[in-house]
Number of protein chains: 2
Amino acid sequence: MIIQKSTNPRISSFDPNNFAFGNTFIDHMVICEYENGKWGEVKVVPYGPLPFSPAMMGVNYGQACFEGMKAYKDKDGQVFLFRPEKNFARINKSAERLAMPAVTEEMFIGGLKALVDLDRAWIPEGEGMSLYIRPLIFATEEALKARIANKYLFAIVATPAKSYYTAPVSVKISDYYSRSANGGVGFAKAAGNYAASFYPTQLANEEGYEQIIWTDDSTHEYFEESGTMNVFVRINDTIYTPPTSEKILDGVTRDSFLQLAKRRGIEVKVEPIAVKTFIDAQRNGTLKEVWGVGTAVVTSVFQSVGYNGEKLELPRLSNEESFALTLQKDLVDIQTNQAEDPFGWRVLVEKNVMETV
Amino acid sequence: MIIQKSTNPRISSFDPNNFAFGNTFIDHMVICEYENGKWGEVKVVPYGPLPFSPAMMGVNYGQACFEGMKAYKDKDGQVFLFRPEKNFARINKSAERLAMPAVTEEMFIGGLKALVDLDRAWIPEGEGMSLYIRPLIFATEEALKARIANKYLFAIVATPAKSYYTAPVSVKISDYYSRSANGGVGFAKAAGNYAASFYPTQLANEEGYEQIIWTDDSTHEYFEESGTMNVFVRINDTIYTPPTSEKILDGVTRDSFLQLAKRRGIEVKVEPIAVKTFIDAQRNGTLKEVWGVGTAVVTSVFQSVGYNGEKLELPRLSNEESFALTLQKDLVDIQTNQAEDPFGWRVLVEKNVMETV
């Protein structure tokens with residue numbers, strides 16, 4: 001691994017109490033180029049633009065996938081990643097489906113640790129604060145041929161992330177648009193999946209809904225995901241979430257919620273959620289909570305659900321009554337080293353990693 | 001429009017008899033940037049890389065779509081575009097579905113004409129030769145947020161294209177993978193659609209098939225497209241092609257073939273093609289031809305079709321017997337000004353366009 005430190009670091013002008021999430025980038029990034037059938041050396045370099053032609057295959061044919069993950073700083077200044085091996089495994093599943101080369105552990109886990117260690121000063125401290133980290137792979141070959149590319153870039157970029165308390169949102173159950181096909185790429189964090197969701201979401205926004213609960217494209221009778229998150233439904237005291245499939249992302253937060261719920265003795269059923277079952281439960285009062293989970297916001301609680309032109313209100317539960325918020329706290333406490341970690345999910349980022357390698 | 005001519009043109013080293021299609025770029029490209037809610041000035045500049053960060057939204061969230069079109073040079077050196085207004089309309093349909101801003105006629109048609117005129121020396125002459133032109137739009141904003149981007153680039157790049165006589169190919173009818181969802185983006189020339197098709201195509205290649213005939217994702221009982229082309233089937237002397245929909249691209253070559261077939265008095269039916277009907281016709285000998293059509297190769301004739309583990313052979317027709325090859329010749333003759341153009345499809349590219357504007 002090659003470390004090329006910035007000669008013009010911006011960290012001294014970074015105000016952890018006043019920054020824009022998503023647009024503020026840390027001083028460095030990881031890059032690694034694929035050519036002639038193999039990955040080159042992993043490099044940590046100053047964050048910034050690289051030269052790409054508009055004929056770059058990544059923006060012409062969409063071979064591009066990513067991961068979203070976070071690093072957390074505890075009150076003693078120790079820095080932790082959360083289940084990075086899950087993201088490492090998943091980016092390679094996405095890459096395989098998009099006919100892109102797999103990345104190595106040295107590139108992904110090694111690159112993450114080196115970058116986060118070097119720029120640890122960029123990780124804001126305090127409740128809900130974190131560093132949002134974006135590993136990605138995209139095709140860089142310049143060619144106007146619809147075929148598998150021969151050149152790729154693996155990169156890791158990162159932005160400080162704030163505590164974002166998210167107010168409960170209204171969501172619409174999709175009855176026309178869909179995000180994934182049978183035999184398609186819905187399970188992958190493929191760039192194209194996100195672009196495809198923007199327009200339907202914009203239409204839902206115009207109807208007064210913040211997000212869409214995606215349903216299967218063949219019948220629109222079963223839940224798939226919500227916005228860019230996995231979806232959970234609580235009927236009485238049982239939690240339901242759809243099984244992962246080639247249409248549904250195998251979310252790290254989803255998996256963590258399932259394990260945390262089981263630890264608390266909450267009954268969990270991983271099975272298809274029919275829209276009809278959901279609507280019936282809302283009407284007969286047994287529907288208690290619906291929420292989405294994902295790395296970025298952890299939990300997004302829903303206050304109302306649009307279906308067939310009707311806006312169905314959901315109960316308002318206190319933090320103690322809410323399974324969503326209880327499990328969220330369990331998770332965040334582990335992520336930020338405020339609770340024991342019986343699962344072995346936290347991964348300490350050692351200081352001066354590179355000197356010790 | 002701003003024209004910035006290359007001070008280091010490569011045209012003198014271009015050998016029209018020996019070049020690589022897709023990797024050889026003409027001296028200039030068109031670019032136009034979108035920011036603060038509007039497109040800036042259209043520029044023709046030397047072809048080459050631009051600075052983009054790996055946090056560019058186009059490769060993170062896949063807002064990217066393109067067009068494929070060609071310019072042809074006749075024996076007198078006159079240069080023509082083919083139905084460019086169709087591509088102009090379609091890129092804006094793609095852009096709308098991907099929540100990207102529409103491009104203007106000045107950017108698209110004006111940019112095309114200025115670029116093709118300036119680099120007309122790059123258009124190879126002779127049978128089947130052309131300039132393949134790639135207009136595209138992609139998100140350029142640097143941000144790690146899954147939302148509609150605020151910055152875009154529109155570009156037009158181009159590569160000389162050879163006569164590629166394509167040998168008849170074997171295709172596999174897809175029984176698992178699919179390229180589009182109901183309520184999805186299959187009709188758009190969205191970058192992500194292509195990446196999603198590479199892996200299934202690679203698997204088909206390993207089974208001895210060059211392409212896939214895509215079927216509907218819900219039942220796999222109906223044809224959609226073939227490879228990256230629209231598909232035509234001839235049973236007895238009737239031509240069938242599926243109707244366009246939100247799952248099927250509204251191809252310019254497809255539409256041209258339909259009009260040319262009608263002009264010849266060939267019966268054309270635009271209706272769903274059931275796999276069962278197709279297989280029955282193959283078995284009872286009424287299936288005469290199957291082929292794909294698209295801008296890049298015009299026509300790809302199929303010699304065998306894989307279905308359910310079986311490789312079904314198709315008849316070998318002479319050029320005169322073949323509707324596919326007859327209509328291809330009709331089309332190419334119009335495109336290259338070797339025949340009258342009763343449809344008004346050819347658009348002459350005037351010399352020194354920019355001086356006259």
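The model is predicted, so local features need pLDDT of at least 70 and side-chain atom pairs count only at pLDDT 80 or more, while totals for chains, interfaces and linings use all residues. Residues are numbered from 1 along each chain as its sequence is written, chains are lettered from A in the order in which they are written, and side-chain values use heavy atoms, without hydrogens and water.

Begin with the two chains. Pro54(A), Leu144(A) and Phe198(A) supply 14% of the area that chain A buries against chain B, more than any other three residues.

Which polar links cross the interface of chain A and chain B? There are 27 residue pairs in polar contact, both residues at pLDDT 80 or more. A polar contact is a pair of N or O atoms within 3.5 Å; within protein, one must be able to donate a hydrogen and the other to accept it, and residues adjacent in sequence count only if both atoms are side-chain atoms. Strands also meet here: β5(A) and β5(B), residues 50–52, pair in the antiparallel sense over three bridges, with Leu50(A) opposite Phe52(B). Strands (E, at least two residues) are DSSP runs, numbered from the N terminus, and two of them pair if DSSP finds at least two bridges between them.

Now turn to strand β2(B), residues 28–35. Six of its eight residues are buried, that is, under 20% relative accessible area (1.4 Å probe, protein chains only). Antiparallel to β2(B) run β4(B), joined by four bridges, and β10(B), joined by five. Val30(B) stands opposite Val44(B) in β4(B) and opposite Ile156(B) in β10(B).

Is Glu141(B) buried or exposed? Glu141(B) counts as buried because its relative accessibility is 8%. Its side chain makes a polar contact of 2.9 Å with the side chain of Arg147(B). A polar atom of the Glu141(B) side chain also lies 2.6 Å from the backbone nitrogen of Asn150(B). Beyond its neighbours within four places in sequence, the contacts of Glu141(B) include Met56(B) and, from the other chain, Asn23(A).

Methods:
Buried means under 20% relative accessible area, exposed over 50%, partly exposed in between (1.4 Å probe, protein chains only). Contact means heavy atoms within 4.5 Å. Buried area is the accessible area (1.4 Å probe) that two parts lose on being put together, summed over both.
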